[in-house]
Structure formats: C-alpha cells, structure tokens
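Welcome, and take a moment to turn the model around before reading on. We will walk through it together, one place at a time.

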Amino acid sequence: MSQLIWNGLFTGSFYALVALGYSMVYGIIRLLNFAHGDVYMLGAFIGYYCLTLLSGVTSGLPALLIVLVVAMLATGLAGVGIERLAYRPLRQAPRLAVLITAVGVSFSLEYGVRLIAGADPKVYPVRLDGQPVELLGARLTAEQLVLVAVAFVLMGALHTLVMRTRAGRAMRAIAADPKAAHLSGIEVGQVIARVFFLGSALAGAAGVMAGAYYGRIEFLMGFVIGLKAFTAAVIGGIGNLPGAMLGGLALGLLESFGTGLTGGEWRDVFAFGCLIVFLVARPQGILGEKAVVRM
Amino acid sequence: MPLLELSGVDISYGGVRAVRDLSLHVGDGEIVALLGANGAGKSTTLAAISGLVRPSAGRISLGGTDLAALSPAAIVRLGAGHVPEGRRVFGGLTVRENLQLGGYVLADEREVNRRVAAVCELLPVLAERRAQNAATLSGGEQQLLAIGRALIARPRLLMLDEPTMGLAPRMARTVLGLVKEINQQGTSVLLVEQNARAALGLAQRGYVLSRGRLGLHGDAAGLRADRRVIEAYLG
C-alpha cells in the first residue's frame with residue numbers, strides 16, 4: 001500500500017513537472033505544445049551525455065544534481081529557441097497552424113536525437129539503487145527521496161516566481177489579456193520566451209530524473225509522457241499551475257494503484273481513461289474555472 | 001510642436017482600409033475629443049498610436065519621435081497611456097497587481113509601489129479593494145482601475161476609449177470628472193467617447209471621424225453648436 005503511494009508520488013512528480021510547462025504555455029499563448037514531451041526526452045539525453053563526461057570525476061547523487069542543473073539550462077534554452085524559430089513567426093496565424101507546427105517540432109526533436117544518438121535505448125550511467133530503506137512499509141532509497149524533494153522544490157520555486165514576482169505578474173497578465181498586457185508596457189514577446197525557458201527547464205529536469213529512475217532512455221520516450229502530462233494538465237485544469245501539479249501527482253497515484261490492482265500492462269489505460277472521464281465530466285479540471293483564472 | 005501628431009495616416013485592418021488619410025494633433029495640456037459612429041475607425045486609430053496595429057501609410061509621432069519602429073511597450077515608455085475599450089482589467093489578478101502592472105516599464109519596484117499608493121489616494125475605492133480579484137469589481141470600479149493602471153506610468157498623453165460606456169450616469173460623471181482632474185495635473189488627453197455632449201463639454205477641440213475619414217473638426221464649442229453634429233450625435 002505505502003509502496004504504491006510512494007511509486008505514485010515518484011512518477012507523479014515527473015508528470016507534474018512536465019505538466020507545468022504544458023499548462024504554462026497553454027495559459028500564455030493558448031498552444032498545446034505537443035513538442036513538450038520531447039523536451040523532456042532532450043533533457044534525458046543531455047543528462048546522459050553530461051553524466052558520461054563526468055563519469056571519471058564524480059558519480060552518484062552529486063553528479064546527478066550537477067547534471068540536473070546543466071540539463072535544465074540546456075533544455076530551457078532549447079525551449080526558447082523552439083519558440084523563437086517555430087512559434088513566434090506564427091503569432092498571428094490560425095491556431096491550427098501552430099498546433100501542426102508543434103507536431104512538426106516534436107518529430108524534428110525525436111528524429112534529430114535519433115540521428116545523433118542512434119535508435120537503440122541507452123543505459124543511464126547513474127542509477128538510484130543505493131541501499132533501500134524501509135519507510136512506513138515502503139522500500140525506497142535516499143537518492144529517490146532527494147529527487148522527489150528536488151521536484152517539489154522546483155514546483156514551489158515556480159509557484160513563488162509566478163505568484164510573487166514582477167516577471168510572474170507579467171506572465172499572468174498576458175494569460176489574462178494579451179492586448180491589455182501590451183498596453184501596460186509589458187514586452188510580451190520577452191515574457192513568452194521566459195515562459196518557454198521555465199517550462200522547458202522543468203521538463204528537462206524531469207527527463208534527467210526519469211533517466212535515473214528507470215535506468216533506460218530512448219528517443220521516443222517523450223511521446224507517452226507528453227500525452228500523460230497533457231492528461232495531468234487537463235485533470236488539474238489546463239492553464240492553472242497548482243492544478244498541473246495536483247493533476248500530475250493525482251495521475252501518478254491513480255496509475256500506481258491501478259497497476260497495483262490489475263497489472264502493469266493496464267497503466268496507460270488508466271491514465272487515458274482518466275483523461276476521457278475528465279473531458280466528459282469536468283472539462284475544466286479539478287481547479288480550473290470556466291475561463292476565469294489562468295496561470 | 002504638438003505632443004501627438006498624425007499626418008496622412010492610413011490603417012488597414014483585416015484587409016479593409018479602416019482609416020484613410022487621417023491627420024490630427026493633440027497639443028500639450030489639451031483634451032481632444034475623437035467622435036464618430038460605431039466602426040468609424042476611432043479605436044483603430046488609438047490602436048495604431050499604441051503600436052498594436054501599424055499604419056500602412058502616413059506618420060504618427062509622440063513628442064516628436066516617430067512611432068513607426070517602436071514596440072507597444074516602447075511607446076508606453078515614451079509616454080503614451082491607453083485605457084482600452086471595455087476596460088480590460090486583468091481578471092484573476094488583484095487590484096493591487098493590476099496597478100503594479102501599469103508600472104511594468106519602471107525597473108524600480110519600490111517606485112512602482114509608491115505610485116500605486118498615490119493612485120490609491122486619488123481613487124480610494126481602489127484602495128479599499130486592493131486585495132480583491134479585479135474581475136469581481138463593478139463596471140465603474142473596473143473603469144477607474146483601468147485608468148489608475150494607465151496612470152502609474154505617468155503618461156504625457158492619456159488615451160481613453162469609451163470610458164463611460166455601460167456605466168450608470170452618476171459613475172459616468174465620476175469618470176469624466178477624473179479625466180478632467182488628470183488633465184488639470186498636466187496630462188494631455190485624447191478622448192474617444194460615445195457621449196458626444198459630455199465629451200465636447202470636457203474637450204477644447206474635437207474631430208469627427210466618419211467611415212475612416214476625417215469629417216468636421218475644430219473648437220469644441222463650435223462643434224457643439226454645429227447643426228450636423230447635433231443631428232448626428234447630440235440628437
């Protein structure tokens with residue numbers, strides 16, 4: 001039982017990190033960024049190469065934390081680049097055009113990484129299988145605990161940034177009314193770039209964590225998690241940040257209990273079943289209100 | 001040299017020429033009314049001054065600076081304040097946050113908060129509702145908030161688009177009284193207003209737009225007495 005909760009929290013915190021970026025981007029430019037899951041994959045690969053480079057110098061948790069920071073910076077910049085190249089020129093275009101572009105970006109990232117890294121799965125050069133300890137009946141390692149803590153710190157930091165700072169205020173203003181944001185002197189393009197940086201950096205962090213947790217990465221790993229993060233964002237209320245965190249954790253727990261009851265092959269059925277239930281019964285999500293509060 | 005000057009401005013909007021060959025100016029310290037029927041191009045003109053749409057011909061300058069290459073944010077920094085039609089306060093954000101956003105162009109957060117306090121003194125109703133979600137304010141309060149938000153950046157030119165639309169007469173008078181007060185403190189005003197009588201009562205000069213072209217213009221007193229204006233707008 002507590003093992004199921006623990007597993008659910010662990011995967012749920014990845015989902016939440018990725019869902020945050022999904023939700024932020026949707027909140028600010030109303031785009032379902034289908035390439036977002038691939039930024040997570042990109043983070044995992046950047047982490048892989050950095051860890052390989054570091055392997056002689058340091059290893060284990062310290063190496064992982066350093067690499068986490070590097071991967072976040074790199075994926076953040078990649079996110080800014082993607083926005084600049086692919087989405088910004090389409091700011092005035094119909095939304096469908098941007099959506100299709102996002103699918104194109106997704107494929108470009110997937111097959112770009114495949115071109116460089118190859119199609120075979122890679123074994124992550126660090127694993128979180130230290131001495132497991134018993135905690136309330138669950139078996140977990142100190143490294144896992146640290147990573148979940150890092151995930152929660154990142155989410156808390158993002159929440160503070162969005163709710164308490166000048167930059168965050170500008171993000172919420174654009175989400176509420178982009179035209180009025182322009183008229184208030186907000187450099188809208190710049191703020192959108194920042195949102196892409198933050199969202200992509202969080203996805204990159206989740207990618208490194210997932211690599212370390214599952215121990216294996218490959219170029220298509222972002223596809224399913226992108227859909228899961230979308231599901232989590234919808235469950236929580238898309239455009240709503242606390243909702244994305246809650247939705248991610250809820251989805252992780254649901255999957256964990258679902259597979260605990262019926263077996264691993266049903267995992268995705270649970271996740272996407274939830275999506276359908278929510279879309280039918282409560283399309284605005286747990287915390288979403290009907291087009292009032294965004295981000 | 002006038003503070004705001006438009007000369008020979010054409011604006012196309014969605015493939016339609018919404019404004020043709022428009023020339024007008026607002027002098028330092030003036031209140032100028034911009035009148036016209038729905039769809040005459042008044043809001044489009046304000047949008048072009050703010051840099052939200054770009055004129056296809058002609059020149060717009062503020063304080064002698066050509067606005068053609070400037071972003072909307074740069075135009076705000078140059079001294080243009082624009083209170084858009086429908087108020088457009090930031091719903092989901094508090095009244096205080098809305099006001100702070102009006103000072104986004106200032107880097108110094110403490111200066112922003114000082115100015116927010118000053119605006120709250122001018123508009124005590126906002127001070128009372130500081131922590132409230134702006135979307136929960138009444139229409140009139142939202143209008144005051146939208147004006148207050150624009151004042152934080154201390155604009156040289158304040159553009160107001162239909163500030164009394166949908167307001168009860170008493171609230172409308174409050175809003176127009178506020179506009180007068182702001183003007184007396186040295187801010188020039190370009191006022192787009194459906195209520196032509198009230199607008200011409202407040203303004204020194206007026207321009208009438210009809211279907212994107214400049215029609216009558218001149219002294220507010222003269223326009224108020226003009227039979228054509230009376231028939232069309234003062235009824």
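In which helix do B:Glu111 and B:Arg114 both lie, and how many residues apart are they? The model you are looking at is a predicted one, and in it both residues belong to helix H4 of chain B, which covers residues 109–122. They are three residues apart, about one turn of the helix. The two form a salt bridge, with their closest N and O atoms 3.0 Å apart. Side chains of opposite charge can pair when their charged atoms come close. B:Arg114 counts as exposed, because its relative accessibility is 52% and the cut-off for exposed is over 50%.

A search of the whole structure finds 16 salt bridges over all chains. One network, joined by salt bridges that share partners, holds A:Lys228, A:Glu255, A:Arg267 and A:Asp268. In another place, A:Arg88 forms a salt bridge with A:Glu83, and the closest N and O atoms there are 3.2 Å apart. How accessible are these two partners? A:Arg88 is partly exposed, at 23% relative accessible area, while A:Glu83 is buried, at 0%.

Now move to the place where the two chains meet. Here 22 residues of chain B are in contact with 20 residues of chain A. Together the chains bury about 2,100 Å² between them, and 58% of that is on carbon and sulfur atoms. On the chain B side, B:Arg88, B:Phe90 and B:Tyr104 lose the most area to chain A, together 32% of what that side buries.

Helix H2 (72–78) and helix H3 (95–102) of chain B each supply at least two residues of the side that touches chain A. By class, that side of chain B has 11 nonpolar, six polar and five charged residues. Another joins A:Arg172 to B:Glu97, at 2.8 Å between the closest N and O atoms. This pair runs from helix H6 (residues 166–176) of chain A to helix H3 of chain B. Both A:Arg172 and B:Glu97 are buried.

Next, look inside the chains. In soluble globular proteins, nonpolar side chains tend to be buried together. The largest nonpolar core in this model has 100 residues, and A:Tyr87, A:Tyr124 and A:Ile186 have the most contacts inside it. Helix H8 of chain A, residues 188–214, gives the most to this core, with 16 residues. Leaving aside residues up to four places away in sequence, A:Tyr124 touches a set of residues that includes A:Gly43, A:Tyr48, A:Leu51, A:Val208 and A:Ile217. A second, separate core has 42 residues, among them B:Leu123, B:Leu145, B:Val179 and B:Leu191.

Let us finish with one residue of chain A. A:Leu61 sits in helix H3 (residues 60–87) of that chain. A:Leu61 and A:Val146 are 85 residues apart in sequence, yet their C-alpha atoms are 8.7 Å apart in space.

Methods. Residues numbered from 1 in each chain as written. Chains lettered and ligands numbered in written order. Predicted model: local features only at pLDDT ≥ 70, side-chain atom pairs only at ≥ 80, totals over all residues. Heavy atoms only, no water. Contact = heavy atoms within 4.5 Å. Buried area = accessible area lost by both parts, 1.4 Å probe. Helix = DSSP H or I, 4+ residues; strand = E, 2+ residues; numbered from the N terminus. Nonpolar A, V, L, I, M, F, W, Y, C, P; charged D, E, K, R; others polar. Core = buried A, V, L, I, M, F, W, Y, C linked by side-chain atoms within 4.5 Å. Buried < 20%, exposed > 50% of the residue type's maximum accessible area, 1.4 Å probe, protein only. Salt bridge = Lys/Arg side-chain N within 4 Å of Asp/Glu carboxyl O.
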